[in-house]
Amino acid sequence: MFCDKAISAAIATHFAGLTHDALSEATRHATRRALLDAVGVTLGATGLGEDAVPYRRHAQAAPGPSRLIGFSGSSTPALAALANGALAHQLDFGDTFDAGPAHPNAALVPALLALADARPELAFGELLVTMAAGSDLACRLSIAAPRPFEEGGWYPPPLVNLIATAAACARFIGLDVDGIRHAMGLALLQGSFPSQIKYDASSPIRGVREGLVARAAVEAALLAEAGATAFAEPLEGRAGFFAIYGGGAPRDALLDGLGETFLGDQVSFKPWPACRGTHPYIEAALVLRDRIDPAQVVGIEAETGPIQEMLIRPQAAKAEPTRAIEAKFSIPYTVAAALIDGAVTLDSFTAARIADPVTRTLAHKVVERRNPDWGRGQAASGSLTVTLADGAVLHQRVMQAAGHPDRPMDDESLIAKFVDCAAHAASPMDAAAARSLASQILSFSVGAAARNLCDPPCTAPV
């Protein structure tokens, strides 16, 4: 229905015209679930996300109306988005669009909440609309490039979030089609997310990067509101988003079903706080654990493809992570922890747990077996083949990790995850208070001020 419009204008028109009534009840509920998950993992990071501290300190230096989630301070909308966004992906526990890859709500939620704080007239129903549209666009952008973003040296999750979050922020504050289009262009001017983010194991940027996205998106929307302009065609232009990052004109997936199908409904929620690529191996290990004495393990082969390469190479380093972010990106460590503990939780990534010598010994036995037929379609797939000292060989394959819409976490599981994250916050919430807040998020009135949604976590003292 948008074939007669340029791509950027078509998307901006869609954002500007979308209403709460136009969303199906399934999309509304899916969006609330994503909001619940995003707030929960952000709360958990306030107590566990040490790499986000500099971003909060920077934000605290500039007073403003937007609160710092989990703490008593506030800042400008852009800097609050920076500080809160730095927490949103810090635990690597937020939702993911497996087909992308994308983490469509990691920058989107902190950016929208920062703007909601600054503008008490904005209603929760508008936040749901813009979140549904923004999450959908991030997912679409992640699958629409004719060439994988990584082939150009770029890291796709923050890139796609940058454009989608800017468009959502612009719509949230009431900009028209041109304003939304220019916000996408102004965000494009701030985008540079090289794949070095994932290749440098010592870098904290993997965990805090979404803060940079959220800040840039809020700035882009506010600049567009003030009258700044960028490009007529920020996405499809001769040297626009897809030409620079995706190697050519976007595929049909960008516009197919726009306004009818919301891909944000199809995100996977993480049962375990680690890179999504580790999840099938964690799941396989947990299935096998009752049949395995870790002390009797001779070797473990992990079936992998090119997507999993960064999670298992170099093997010696992956077997001995020194920081939480390294352990979360390690198949050897997460498999060993799952086999030994029977669970992978937020507490699996403390300094003491990571340094455990028994876990490291077992992790060194986890080696890769490359499947030449695997590619992007197997991003959330994996298998383990375990050989024991008595010669027994055990095998478990997981072709779609738990948490995917085909194997979803139900509402109660998401609430339990929220409660666990809130218990790890800088100002821990007891289970009853956390459950109350979770229920509020899942049932908050669409006509209420959006800024009142998260009062308890946003005003918690430290």
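Select strand S3 (residues 297-304) together with S5: the two pair in the antiparallel sense over 6 bridges. Two strands count as paired if DSSP finds at least two bridges between them, and the elements named here are DSSP runs numbered from the N terminus, with helices (H or I) of at least four residues and strands (E) of at least two. This is a predicted model, in which local features need pLDDT of at least 70 and side-chain atom pairs count only at pLDDT 80 or more, while totals for chains, interfaces and linings use all residues. Residues are numbered from 1 along each chain as its sequence is written, and side-chain values use heavy atoms, with hydrogens and water left out.

**The sheet**

Within the pair already selected, pick Glu303; its bridge partner in S5 is Ser383. Between S5 and S6 lie 4 residues, and the two strands form a hairpin. In the turn, select Gly391, where phi is positive, at about 95°.

Now display the whole open sheet, whose 4 strands follow the order S4-S3-S5-S6 with mixed pairing. Strand S4 (366-370) and S6 are at the edges; each has a single partner strand, so one side of each is left without a neighbour in the sheet. On average, neighbouring strands of this sheet are turned by 20° against each other, direction ignored. Axes are lines fitted to C-alpha atoms, for helices over the stretch in contact, and angles run from 0 to 180 degrees between N-to-C directions.

Move to helix H6 (residues 124-144). At 1.5 Å a residue, its 21 residues should span 30 Å, and the end C-alpha atoms are 30 Å apart, which agrees; the expected span is 1.5 Å times one less than the number of residues. Of the 21 residues of H6, 19 are buried, so the helix is largely enclosed by the rest of the structure. Buried means under 20% relative accessible area, exposed over 50%, and partly exposed in between, with a 1.4 Å probe and protein chains only.

Angles under 35 degrees count as roughly parallel, over 145 as roughly antiparallel, 65 to 115 as roughly perpendicular and the rest as oblique. Leu108, Val109, Leu112 and Leu113 of H5 make the contact with Leu127, Thr130, Met131, Gly134 and Ser135 of H6, where contact means heavy atoms within 4.5 Å.

**Helices H1 and H8**

Select helix H1 (residues 7-17) and helix H8 (residues 177-188), which pack at an angle of about 120° with their axes 8 Å apart. H1 and H8 are therefore oblique to each other. On the H1 side, Ser8, Ala9, Ile11, Ala12, Thr13, Phe15 and Ala16 meet Val177, Ile180, Arg181 and Met184 in H8. The buried residues of H1 are Ile7, Ser8, Ala10, Ile11, Ala12, His14 and Phe15. They pack against H6, helix H7 (156-172) and H8.

**The loop between H4 and H5**

Most residues other than glycine have a negative phi, and most peptide bonds are trans. With that in mind, select Asp92, in the loop between H4 and H5. Asp92 is not a glycine, yet has a positive phi of about 50°; at 2% relative accessibility, Asp92 counts as buried. In the loop between H4 and H5, select Pro101, which is joined to Gly100 by a cis peptide bond with omega of about 5°.

His103 lies in the loop between helix H4 (77-88) and H5 and is buried, with a relative accessible area of 11%. Leaving aside neighbours within four places in sequence, His103 is in contact with His89, Gly94, Asp95, Thr96, Pro157, Asn161, Arg209 and Lys270.

Pro314 lies in the loop between S3 and helix H13 (315-318). The peptide bond from Arg313 to Pro314 is cis, with omega near -10°.

Finally, select Glu326 in helix H14 (residues 324-328). Glu326 is buried, with a relative accessible area of 15%. Not counting residues up to four places away in sequence, Glu326 touches Ala201, Arg206 and Pro321. Leu311 is 15 residues from Glu326 along the chain, and their C-alpha atoms are separated by 9.2 Å.
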